Amino acid sequence: MENTARITGKRTATAWKKPVSYNLQKKTRPTEAIIQAFLLFCGVVSILTTLGIVLELGKEAWLFFGDPEISVISFLTGTEWQPKIGKFGVLPLLNSTLITSVIAIVVALPLGIATAMFLSEYASPKMRSILKPILEVLAGVPTVVYGYFALTFMTPLLRGIFGSQNVDVYNMASAGLVMGIMILPLISSMSEDALSAVPRSLREAAYGLGATRLETALQVVLPAALSGIIAAFIIGVSRAVGETMIVAIAAGSGPNFTFNPFNAAETMTGYIARISGGDLSYNTPDYNSIFAIGLLLFLVTFGLNILSRAISRRFREVYE
Amino acid sequence: MNQMEPKTFGSNQEMQDAEKNFLHRRHQRARLAQSVFQLTTLLAVIFLAALLVTVVNKSMGYVVVENKVDPSTLSDRPLSELNNTELAQILRENLRKNRVRTLERAGFLEDQSQSTLVQLVETEIIQPEVVESYNLFPSLIKRSKIKADAASTYPNAKVEFRYWLNGTFLTNSMASQPELAGVRSALLGSLQLILITILTAFPIGVGAAIYLEEYASHKSRINRLIQTNIDNLAGVPSIVYGILGLALFVRALQPFTSGALFGVDGQNGRTILSAGLTMALLILPILIINAQEAIRSVPDSLRQASYGLGATRWQTIWHHVLPGAMPGILTGTILAISRAIGETAPLIVVGASTFITSDPTGPFSSFTALPIQIYNWTTRPQPAFQHIAAAAILVLLIALLSLNAAAILLRNRFAKRV
């Protein structure tokens with residue numbers, strides 16, 4: 001204030017002669033620096049999380065494979081999972097994970113794409129405003145509720161259709177089908193985003209050439225949005241592989257190397273949930289085995305996620 | 001169409017017919033596909049309806065209740081009309097001395113409230129047991145048959161219509177009999193868990209979002225790494241977070257999470273605190289991504305104006321960017337929380353107990369949560385547990401729906417203001 005007054009108010013000769021020196025250096029602001037450091041730390045937490053997952057899972061899995069009777073090769077190729085007698089072959093668990101995931105994808109992918117197609121190409125804005133929230137609710141239902149639905153609705157339904165002597169009370173088909181319903185909104189919303197991103201001009205050009213709505217949708221819009229749809233497919237697979245509660249409730253407990261979807265068989269996630277649900281003492285093969293399986297699960301899903309991202313970035317059709 | 005076509009000669013007639021047929025087929029196919037798309041979309045609606053109907057169907061219906069002791073032999077008036085002395089008298093007469101002594105450990109029976117005594121008489125002496133239960137639809141359609149069956153099979157039993165989701169279900173804690181079990185401790189456990197999750201995840205998540213949007217240059221390698229990493233973490237299965245929580249919070253940080261560091265007599269690290277922190281890690285990526293979007297939507301002109309007036313970076317963020325982004329951030333947070341409330345798998349791994357009859361006492365107590373209770377009841381073979389699982393699911397869904405409604409309201413209010 002004093003300075004301003006001296007400059008603007010009293011323009012005396014002395015003031016002109018002796019100009020006040022200003023410090024034009026950037027002011028150091030310790031609070032700003034502290035805040036920035038804290039915010040950087042917040043950002044780094046996510047990296048720490050990933051590192052934590054890799055290190056902790058890796059460490060315990062290392063202990064697991066450090067057991068002289070277990071080798072990585074016998075773990076990955078063994079067809080028997082019986083910790084009691086020291087047989088740790090992950091194939092039965094992997095196999096049932098694959099079967100439930102394949103069933104889920106077979107349900108969710110066509111339904112999801114068709115729903116996305118309807119929402120983006122056919123539905124009126126009013127219809128969209130009704131259908132989108134319904135899909136969001138379907139996506140927001142907790143997985144344990146889907147598990148309940150599988151056990152009390154889907155399983156009796158399957159047993160009614162195929163005969164209760166053919167279908168176990170706990171079976172992979174029921175879990176897989178309900179998992180498909182669970183993934184459906186994910187795939188449909190991602191595919192719809194991809195379809196909506198295709199510019200209008202492409203559609204109009206196709207109509208102008210006399211194409212029907214279906215031909216435009218299938219031969220013009222769908223190929224243009226393919227990268228997004230493939231990304232949705234991969235994310236769907238990753239979600240199905242990592243899904244726990246539905247399989248823990250409806251697919252049965254107990255590893256079982258079978259290709260019949262109507263049989264009970266435990267998946268990787270189901271095994272982790274069952275083993276850690278009981279009283280688990282540290283540093284036992286059981287305890288370490290869930291880390292080995294968890295690491296496998298993490299690597300598979302993390303890899304799928306990266307793949308999905310890479311595909312949607314690499315093969316995206318860029319317009320304009 | 002026909003009038004537009006030019007005049008044709010006989011030799012071309014066939015070709016034109018073929019063309020018309022071709023066009024007709026194309027249109028037919030288009031119409032067919034449209035109805036197929038419509039039907040599949042309808043299927044999603046049907047799935048949701050089937051899910052809700054299944055839950056509601058299981059959550060109420062006729063039950064056949066058999067009492068171990070007929071209440072009319074205890075007193076000629078209904079229990080609720082009796083006073084404390086009479087109720088205590090009944091308890092003393094019908095229970096073994098040891099049991100009465102255990103009950104009186106906290107104080108004389110007469111000194112307890114009338115409703116507690118009525119409850120005691122019911123659980124200790126009358127011991128009602130549901131011997132048969134029906135779903136809602138059979139109860140509505142075959143009412144007379146159910147009553148006739150019950151009368152012939154269980155002559156002493158009473159048939160009543162029961163809403164499994166009722167007042168006592170909300171206020172009772174877990175019990176081994178499904179008729180008496182409730183979700184009180186599970187609800188409280190879920191609440192405390194979510195509180196810890198919010199308190200940790202919200203500041204860190206918003207902080208990370210601010211850093212990535214306002215401070216980080218998008219070119220630097222570490223910032224790109226953080227961004228990619230967050231996007232990928234959002235897709236990691238929840239059970240993997242559970243395993244991380246088990247290794248990190250339950251085991252490695254046990255002195256902290258069991259409360260031993262703070263002088264609390266904690267037995268192990270399987271506490272609400274561990275579960276809350278695990279859940280915080282789980283929802284962080286979702287929270288960050290949502291918060292980033294909200295911050296990005298604040299127009300740049302606001303920032304420029306603030307800088308132009310000489311504000312520092314943090315002053316700009318705190319006074320101008322954050323208030324503008326807050327509704328969006330809150331909406332994203334609510335959605336992340338509604339994810340956390342329904343998550344079950346990480347809680348199983350971190351070690352939620354399924355049989356907790358007392359309320360959780362704080363961050364260092366062992367706990368149960370609503371989804372854990374649902375899982376536990378679902379996997380039990382007795383049919384009555386399926387009914388209370390359905391009731392608990394209704395509680396969970398109602399909580400989730402109200403959270404989502406809050407998020408939508410917030411979003412709409414925000415949309416109006418801008």
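H3(A) passes H14(A) in a left-handed crossing. That is where I will start, and please keep in mind that this is a predicted model.

The two helices are H3, residues 30-66 of chain A, and H14, residues 285-314 of chain A. They pack with their axes 8 Å apart, at an angle of about 130°. As background, an α-helix has 3.6 residues a turn, so residues three or four places apart point the same way.

Ile99(A) sits in helix H5, residues 91-122. Is Ile99(A) buried or exposed? Ile99(A) is buried: 22 other C-beta atoms lie within 10 Å, and the cut-off for buried is 20 or more. Leaving out residues up to four places away in sequence, Ile99(A) touches Met172(A), Gly176(A) and Pro261(A). Ala224(A) is 125 residues from Ile99(A) in sequence, and their C-alpha atoms are 31 Å apart in space.

Still in chain A, helix H11 covers residues 226-242. Its 17 residues should span 24 Å at 1.5 Å a residue, and the end C-alpha atoms are 24 Å apart, which agrees. Of those 17 residues, 14 are buried, so H11(A) is largely enclosed by the rest of the structure.

Now chain B. How many helices and strands are there in chain B? Chain B has 18 helices and three strands. Along the principal axes, its C-alpha atoms fill a box of roughly 105 × 80 × 40 Å. Buried residues make up 40% of the 418. Among contacts in chain B with a separation of 6 or more, 75% join residues 24 or more positions apart.

One helix pair from chain B to finish. H3, residues 84-94, and H5, residues 114-126, pack at about 25° with their axes 10 Å apart. H3(B) and H5(B) are therefore roughly parallel to each other, and their crossing is left-handed. The contact includes Leu87(B), Ile90(B), Leu91(B) and Asn94(B) from H3(B), and Leu117(B), Val121(B), Glu124(B) and Ile125(B) from H5(B).

Key. Residues are numbered from 1 along each chain as its sequence is written. Chains are lettered from A and ligands numbered from 1 in the order in which they are written. This is a predicted model: local features need pLDDT of at least 70, side-chain atom pairs count only at pLDDT 80 or more; totals for chains, interfaces and linings use all residues. Helices (H or I, at least four residues) and strands (E, at least two) are DSSP runs, numbered from the N terminus. A residue is buried if 20 or more other C-beta atoms lie within 10 Å of its own, exposed if 12 or fewer, and partly exposed in between; C-beta atoms are placed from the backbone. Two residues are in contact if their C-beta atoms, placed from the backbone, lie within 7 Å. The expected span of a helix is 1.5 Å times one less than its number of residues. Axes are lines fitted to C-alpha atoms, for helices over the stretch in contact, and angles run from 0 to 180 degrees between N-to-C directions. Angles under 35 degrees count as roughly parallel, over 145 as roughly antiparallel, 65 to 115 as roughly perpendicular and the rest as oblique. A crossing is left-handed if the near helix is turned anticlockwise from the far one by less than a right angle, and right-handed if clockwise.
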